[in-house]
Amino acid sequence: MLLVGALHALAFAPYPLPEWALPYVQIGCLAYLARHTLQAPAARTVALNAVLFGFGQFALGLYWLYISMHEYGGMPLAMAIFAVLVLALALSLYGMAACLLARWLLRGRVSLEPRVVIGTAALWASCWTLGEWLRGTLFTGFPWLNIGYAHVEGVYAPWAAVAGVYGVAWLAAFASAGVALTVLGRNSGKEVQAATALALSLLAGVAGIVLSHVAWARAHGEPVLVRLVQGNIPQSQKFDPALIDRGIADYMMLARLAPKEAGREPDITVLPETVVPLLQNRVSPRVWEDWLAVARERSTTLLMGVPLHERAGGHDRYTNSVVAFAGDATPESIAAATLPLRYDKIHLVPFGEFIPAGFRWFVDMMQIPLGDFDRGPVGQRPLAIAGQQVAPNICYEDVFGEEIIQSVKGDVTGGGASILVNVSNLAWFGDSWSLRQHLQIARMRSLETARPMLRATNTGMTAAIAADGRVRAVLQPHVKGVLDVEVQGAQGLTPYVRWGNMPVLLLCGLVLVGGAIWPSRSSASNAPASTGGENK
């Protein structure tokens, strides 16, 4: 089970597996766990299998966290590895709870009657999806490696516009149960009945193909030319006082490059998170004057990540922010953090951007610059730039689809985002799987919102993602470069933007209530032969 969980970890980004194989590997691995959950003779066996599966998945799938803690944070290697393993064990408990709940609700009632097969698959899918949702919500949430992200390229991907990543996760979990029940029905004389749930899963895939042709949004304004900048500043140098000026100069050089087509200057130039790795009022005014010169020379609006410091209500306030300015701004307005176009990060990273209560000792083992920020206000409006409504998000904020859709909804006066922009610094994680996993996550946000997503990262993956989730262009990771791409903004609301996670959560709740009141009956006469053999 541990090895199957580790294989499951490979399904969340291409390489080493090809992209087309990811949905099938994900469903197949989870089907293995579902089968053993349905067959297990005792609850403790269910719990052990689920923990081993989850531990294998998260220990391998999140291995890159040790890079930030050890290589760049200075934590002792043994402690960094131990921390990753403890996290993997903790995250596996959500899957364990889901499996135990499914077993308790089924209470030995698995049979090969079509309605029971469908009910069993629905219960499994609902329990697993609720486990995923809890993992993405409790303790500020950590939804990385949600099974829905394995299906960015699959036939279930178009369902994201209807029900979001948790809806895709429900369909994937239902399919995994369908596969498990089909396997359990072998040589029972009821193979067709056992495949009922799998048949419904195939129909959901066909419906997904149909949904892929639905236009959820319409074009907004004129296309804009956007430059995405990737400076590839090593994390070991980014915050080194002796090398900060060099890193800023590299980014200025890239932003200043002539456009590919003469006379077609970028309307917007997007630079990564903390591209200026100092508080804005500790930067020499000459640096801001140089940035303004770049904006004037290229006739562009610069959108960049900068940590900000200001006094508010008699208190110091520090935020991980994005600011945007054209050449007519002043160094004084930047230094004073009074620019009108600004976004302050809302969903902060535990241990990296804020310290959870009781964990100061853990953070003190590392050397993390700019590690204690204030949260930005909820409900910040998109930035009006070049005729578009641009909604920035920073680093792993784009993992939380239910939060991203708030910027797309707008408010009673309108103003919903027409373009999404993610700025990140994944140099913390080296040349690891995290870069490709994060790109898959960003693609899911485009599928959910029917909005283009632009990504400017320090080391990768810098990319332009279309409103249908396709990667239009991407820079190779760990190289210096710029990506000039024409982007068409969009307006219009998908069902997921309108309703969020509520429909999926209601579905899960109704299925669980139905499972709880499902009349108990003996399944001995209808139980799959392989199940009976397993339980002897």
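Me: Over the ring of which residue does the charged end of Arg 107 sit?
Reply: The model is a predicted one. A charge of Arg sits over a ring if CZ is within 6 Å of the ring centre and within 35 degrees of the ring normal. The charged end of Arg 107 lies 5.3 Å from the centre of the ring in question, and that ring belongs to Trp 104.

Me: At what distance from the ring centre does Lys 238 lie over the face of Phe 239?
Reply: For Lys the atom considered is NZ, with the limit set at 6 Å from the ring centre. Lys 238 lies over the face of Phe 239, and the distance from the ring centre is 5.9 Å.

Me: How many aromatic pairs are found in the whole structure, and is the pair of Tyr 63 and Trp 433 stacked or edge-to-face?
Reply: A search of the whole structure gives seven aromatic pairs. In the pair of Tyr 63 and Trp 433, the ring centres are 5.3 Å apart and the planes stand at 85°. Planes over 60 degrees apart count as edge-to-face. The pair of Tyr 63 and Trp 433 is therefore edge-to-face.

Me: How many residues apart are Tyr 63 and Trp 433, and which parts of the chain hold them?
Reply: Tyr 63 belongs to the loop between helix H3 (43–61) and helix H4 (65–72), whereas Trp 433 belongs to helix H16. The pair thus links distant parts of the chain, and the separation is 370 residues.

Me: Is the pair of Trp 124 and Trp 128 stacked or edge-to-face?
Reply: Trp 124 and Trp 128 are four residues apart in helix H6 (residues 114–135), a separation of about one helical turn. Trp 124 is buried at 4% relative accessible area, and Trp 128 is buried at 8%. The ring centres of Trp 124 and Trp 128 are 5.7 Å apart, with the planes at 25°. Because planes under 30 degrees apart count as stacked, the pair is stacked.

Me: Which residues form one aromatic cluster with Trp 64?
Reply: Rings of Phe, Tyr and Trp pair if their centres lie within 6.5 Å. The cluster that includes Trp 64 also holds Trp 144 and Phe 429.

Me: What is the volume of the second largest pocket, and which element gives the most to its lining?
Reply: The volume of the second largest pocket is about 650 Å³. Of its 36 lining residues, those closest to the centre are Leu 447, Ala 466, Ala 467, Asp 468 and Gly 469. The lining divides into 23 nonpolar, six polar and seven charged residues. With five residues, the element that gives the most is E12.

Me: What is the radius of gyration of the protein chain, and what would a compact globule have?
Reply: The protein chain has 19 helices and twelve strands, and 58% of its 536 residues count as buried. Its C-alpha trace spans about 80 × 50 × 45 Å along the principal axes. A compact globule with 536 residues would have a radius of gyration near 24 Å, which agrees with the value for the protein chain, 25 Å.

Definitions and conventions
Residues are numbered from 1 along each chain as its sequence is written. This is a predicted model: local features need pLDDT of at least 70, side-chain atom pairs count only at pLDDT 80 or more; totals for chains, interfaces and linings use all residues. Side-chain values use heavy atoms; hydrogens and water are left out. On a 1 Å grid over the protein atoms alone, a cavity is a set of points where a 1.4 Å probe fits but cannot get out, and a pocket is an open set with protein on both sides within 12 Å along at least five of seven lines; lining residues have an atom within 4 Å of a point. Grid points are joined across faces, edges and corners, and a volume is the space filled by probe spheres set on the points. Helices (H or I, at least four residues) and strands (E, at least two) are DSSP runs, numbered from the N terminus. Ala, Val, Leu, Ile, Met, Phe, Trp, Tyr, Cys and Pro count as nonpolar, Asp, Glu, Lys and Arg as charged, and the others, Gly among them, as polar. Rings of Phe, Tyr and Trp (its six-membered ring) pair if their centres lie within 6.5 Å; planes under 30 degrees apart count as stacked, over 60 as edge-to-face and the rest as tilted. Buried means under 20% relative accessible area, exposed over 50%, partly exposed in between (1.4 Å probe, protein chains only). The radius of gyration is taken over C-alpha atoms; the globule rule is 2.2 Å times the number of residues to the power 0.38.
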